[in-house]
Amino acid sequence: MLLLLAEPGVPLEQAVHFRRSVAGAESNVATGLARLGHSARWLGRVGADPAGQAVLRELRADGVDVAFAGVDEQAPTGLLLRDSHPQRAIDVQYYRSGSAGSRLAPEHISAEAVSGARLVHISGITPMLSPTAAAATDRLIELARAAGAKVSFDPNVRRKLGGAAQWAQTAGPLLREAELVLAGEGELELLTGRSADEAAAELLDGRARTVVIKRADHSATAVTADGRWDQPPYPVPVADPVGAGDAFAAGYLSGRLRGLPEPRALAEGACVAALVVQTATDTDGLPSAAGRERALAAFTGAADSVHR
Ligand SMILES: O=C(O)C(=O)C[C@H](O)[C@H](O)COP(=O)(O)O
């Protein structure tokens, strides 16, 4: 989606100045991974309009492969309008019903698009957009499996997209399709009807190898068959909390893709999230690999916070 972000602190209905950016859970994670030095490809749809051109241009500029992104001649690019505050009382307005992204369908997902992928990251948002987008998500999971790629899944529950029952019905089954689940405590409760710890244990009995539970106090716990590891948040001044979950996913997945142990992957996820919440948009604070190393050293007291 194109993101129009109101100037900091000004309520949406009063805002005059807007900053243009790009947002969307999958594109945020792809951007995060690309900046950290990974090959990342975004699968999605934009309209044949200036907003779509801007989205694709920004993703390309960050090194995200958009060769398999589609352009819909009949529908506009999805739009997200929001204000920006340090606290979570942020007003997010979506203009994406009938958008190009919501018209994603199975025929838009080709085997070629996932060939060579080690990991396919899926959000619960896309399947909630329409029945065809849900079918496209199912096809992507099938193709990922056929290509030997692991699936990671973040439900990204947005209550504006549907009620609890609809979320449980659409995103609940996807929890069981993923080798790696990254989910909020409340999201696991909503989607499974059980406590987060019970849900994690049940998922680990199935396909999941790791369940990362993100907690309301901004800590995270990784649970595997071998044990559990807790990661507290790095204390930073928050300018805008939106994007923290996607940033955490990018940082954590980067660690796992590099074969790092759970505690280090969790620390990298927390570090990337701490960098993103210090800036207004979902993506401004996403670091390079060198930026992540500098920040981690400063957060853990291993280095001065000024590098000169
Ligand atoms: O597509 C949607 O519906 C979105 O909400 C896009 C959001 O800007 C990001 O997904 C940020 O989400 P968090 O990282 O969880 O704060």
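I count two groups as in contact when heavy atoms lie within 4.5 Å. The model is predicted, and I read it with that in mind.

**Entry 1: helix α5**

I started with the length of α5, residues 131-146. At 1.5 Å a residue, its 16 residues should span 22 Å, and the end C-alpha atoms are 23 Å apart, so the helix agrees with expectation.

Next I asked which residues of α5 are buried. I took buried to mean under 20% relative accessible area. The list has four alanines by name, A133, A134, A136 and A144. It also has T137, L140, I141 and L143.

What do the buried residues of α5 pack against? I found three helices as partners: α3 (111-114), α4 (125-129) and α6 (164-175). The strands β7 (119-123) and β8 (150-154) are partners as well.

I then looked past the end of the helix. G148 follows α5, and its phi is positive, near 80°.

**Entry 2: a four-stranded sheet**

I traced an open sheet with the strand order β2-β1-β5-β6 and noted that its pairing is mixed. The edges are β2 (18-22) and β6 (92-95), each of which pairs on one side only.

Strand β5 (residues 79-82) pairs with β6 in the antiparallel sense, over four bridges. For R82, I found the bridge partner V92 in β6.

**Entry 3: the whole chain**

I counted 11 helices and 12 strands in the protein chain.

How does the radius of gyration sit with the chain length? A compact globule of 308 residues would have a value near 19 Å, and the chain has 18 Å, which means the two agree. Along the principal axes, the C-alpha atoms fill a box of roughly 55 × 45 × 35 Å.

I logged burial and surface together. Of the 308 residues, 53% count as buried. The accessible surface comes to about 13600 Å², with 52% of it belonging to carbon and sulfur atoms.

Last, I looked at contacts along the sequence. Among contacts with a separation of 6 or more, 67% come from residues 24 or more positions apart.

Definitions and conventions. Residues are numbered from 1 along each chain as its sequence is written. This is a predicted model: local features need pLDDT of at least 70, side-chain atom pairs count only at pLDDT 80 or more; totals for chains, interfaces and linings use all residues. Side-chain values use heavy atoms; hydrogens and water are left out. Two strands pair if DSSP finds at least two bridges between them. Helices (H or I, at least four residues) and strands (E, at least two) are DSSP runs, numbered from the N terminus. The radius of gyration is taken over C-alpha atoms; the globule rule is 2.2 Å times the number of residues to the power 0.38. Buried means under 20% relative accessible area, exposed over 50%, partly exposed in between (1.4 Å probe, protein chains only). Accessible areas come from the Shrake-Rupley method with a 1.4 Å probe; for residues, only the protein chains shown count as cover. The expected span of a helix is 1.5 Å times one less than its number of residues.
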